[in-house]
Amino acid sequence: MTSPIRTERHGDVLVIISDNPPVNALGAAVRQGLEAAVKDGVQDASIEAMVIRCDGRTFFAGADITEFGKPMQEPGLPTLVDMIEASSKPIVAAIHGTALGGGCEVALACHYRVAVASAKLGTPEVKLGLLPGAGGTQRLPRIAGVRMALEMTAKGDPIPAKKAVEAGLIDKIVGEDSLEADAIAFAGEIKAKRPIPRASEREVQPDPEAVEAFKKENGRRFRGFEAPAANIACVVKATEVPYTEGVQFERQEFMKLMMGTQSAAQRHIFFAERQAAKIDDVPADIQLRPIKRVGVIGAGTMGGGISMNFLSAGIPVTIVEMAQEALDRGAGTIRKNYEATAAKGRMKPEQVEAAMGALTPTLDFDALAECDLIIEAVYESMEVKKEIFTRLDAICKPGAILASNTSYLDIDEIAASTKRPQDVVGMHFFSPANVMKLLEVVRGAKTAPDVLATVMDLAKKIKKVAVVAGVTYGFIGNRMLMPRQVEANKLLMEGATPEQIDRVHVAFGMPMGPFQMSDLAGVDIGWHRDPTRIENIRDALAAEGRWGQKKQAGFYDYDEKRQPTPSPRVAEIIEDFRKKSGSTVREISDEEIVERTLYPMVNEGALILEEGKAQRASDVDVVWIYGYGWPVYRGGPMFWAKTEGYEKVVAGLDKHGFKVAQSLRNGAIK
Ligand code: T1G
């Protein structure tokens, strides 16, 4: 097998090139090739300096994650980077694309780094529940200081080349089209310079204030995660001991995380997210339909958020409303949201104007005739949606894709109201639609493969994580949410309180529990609006105007900062209902709450898979991570059930009389 590493001589400079698509992951063959090439360069008397660069779209994007958990082939990355740094001849890293994780560590072990302006450097290992395990936590603070090292390791977001220069991580920005030539020239300039700068030999001053400030600032963000604290501990260790001791500590911490369930869960989600984009029975190279203009029906919260996704991606949008006032309000909210983003420095004013310039608000429904994709985002009424799709069928051009943003309703029934059901699909965005990453793409019985593939591809362009769902009430996410809400309400009747149930979910790692979520979404969502008809606790709250945060009262009372406090009035209402329904009130354990609110979700996930309403279990996990805030370090409901143990989950469900999905009982979830 040919090595992914080759070398080229340019005078007395040896250029070492990696060509390991798609992202030059530092797999065994790459490591072995690099080791051999550097050794040759050191031994070859005619070589004065070396350059390491990569072909393809990026410099090394890290260790090869697919090798994790398998027997490690020598040289390991820590050995390789130390060998590179120890070279008696200077080595220049020539960086383009994203130098991430082990790739960044290889660059830090090189004696100099040049990069194109569009390049990025990062140590995202923490997003895999890990830490930079090849000297990164020891070299970064020595070069860029404690604060920058904490930012890069414990948060894991890459930094642009310009910022890397300011931090001392990059020595020179070179031409986008002349990376190799400029790197060779740079090597020529430094080849004779001595001593050769080795990051591991540099001192780094302790900065306890910065460490404490960093921990304080990010406490909420790191809640529940093990890896950030380990990253911080390694960076602090770098300020206390010499490099050789520091890397031993780093290795220990790395192995602890690698063996843990959190990293296994986060690595699972890394690949699950990429797998979700693949449609099993549709060829990857299917011809996609061109989407040059998008139409959105409804300028409410969802319609506005949906439009922003396309405007931000440079795709013009025609947004339609029934009344001028609603149209102005909708367009106004879009502008306000963009201006708020610009005020935070995350957008330039000219970008705001460009996005708003691409928006065409209109009362004229027929203006949608020129759109390639139309997304209906009106309130949940099958009758209204069928009327809209019938009208779209009459005016839209052949090949236009007709999509509904329904959260629950039957896409096949909506499609049947047109003569082109093959062009109809569900695009279920999550609120706020311009922020939430998840997009459930609902495949109807007649949805054409190229329609599905086009929408899945478009999702990437608007920076969404798309998952294919079949037609079933509530699709994947909401269908699994329903048994949780039902059980949560039953538990209230039997003795639990909203605070207890929510506390268990927050302790589990959810951003909030079922009742806090209900208050955020609106207790009145789906309410029959008849205050005299009180059939459950939610009716009683809604009848009293306790519609949630927007009314500063729901299952909780809220202060002006929207901080929830347990409500004596709600406790009265619950007590009243228990009496009326003759419920036996008893002590409810936290464990029972997990068994009755989370296990049924897993069970529903298994049923969804058995019915073919989701392609794979990992898709279900992606839905809950990106749509409902399920803690990524638990890998999603289906992955969690596996780590929990299917037998334990089945036993818990049996104990409470649930009908268990056969595949779950057999432990055969795919
Ligand atoms: N290892 C193996 N495969 C990888 C990979 C990696 N590091 N990175 C990407 N791939 C695959 C990916 O699964 C997909 O495969 C294809 O490449 C394209 O990726 C010791 C321990 C680089 C920003 O965390 O963030 O180094 O689906 O679809 O959107 O300290 O990939 O096509 O079959 O994501 O253009 C640290 C992970 C590793 C970076 C490109 N590095 N990668 O994004 O393409 S741990 C990372 C990314 C480490 C050391 C430690 C992104 C990207 P397939 P893609 P993209």
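How many residues surround the ligand, and which are the closest? The points below take up this matter and then turn to other parts of the structure, which is a predicted model.

1. The ligand shell. The ligand is surrounded by 26 residues. Ala-63, Glu-105, Glu-125, Arg-274 and Lys-278 are the closest of them. Sorted by class, the shell is made up of 15 nonpolar, six charged and five polar residues.

2. Secondary structure around the ligand. Three elements each contribute at least two residues to the shell: the strand β5 (98-100) and the helices α3 (102-109) and α10 (261-276). The largest share belongs to α10, which provides three residues.

3. Polar atoms facing the ligand. On the backbone side, a polar atom of Ala-61 lies 2.9 Å from a nitrogen atom of the ligand, and a polar backbone atom of Gly-102 lies 2.8 Å from a ligand oxygen atom. A side chain also takes part: an N or O atom of Glu-105 is 2.6 Å from an oxygen atom of the ligand. As for cover, the ligand on its own exposes 990 Å², of which the protein buries 73%.

4. Cysteines. How many disulfides does a search of the whole structure find? The search returns zero. Cys-54 is in no disulfide, and the nearest cysteine sulfur to its own, that of Cys-110, is 10 Å away. Cys-54 is buried, at a relative accessible area of 3%. Cys-234 is likewise in no disulfide; for this residue the nearest cysteine sulfur belongs to Cys-104, at 15 Å. Cys-234 also counts as buried, because its relative accessibility of 0% falls under the 20% limit.

5. Thr-597. Leaving aside residues up to four places away in sequence, Thr-597 touches Arg-484, Glu-487, Ala-488, Leu-491 and His-505. With one of these, His-505, the side chain of Thr-597 forms a side-chain polar contact of 3.1 Å.

Definitions and conventions:
Residues numbered from 1 in each chain as written. Predicted model: local features only at pLDDT ≥ 70, side-chain atom pairs only at ≥ 80, totals over all residues. Heavy atoms only, no water. Disulfide = S-S within 2.5 Å. Buried < 20%, exposed > 50% of the residue type's maximum accessible area, 1.4 Å probe, protein only. Near = heavy atom within 4 Å. Polar contact = N/O pair within 3.5 Å; in protein donor to acceptor, adjacent residues only side chain to side chain. Areas by Shrake-Rupley, 256 points an atom, 1.4 Å probe, with all protein chains shown as cover. Helix = DSSP H or I, 4+ residues; strand = E, 2+ residues; numbered from the N terminus. Nonpolar A, V, L, I, M, F, W, Y, C, P; charged D, E, K, R; others polar. Contact = heavy atoms within 4.5 Å.
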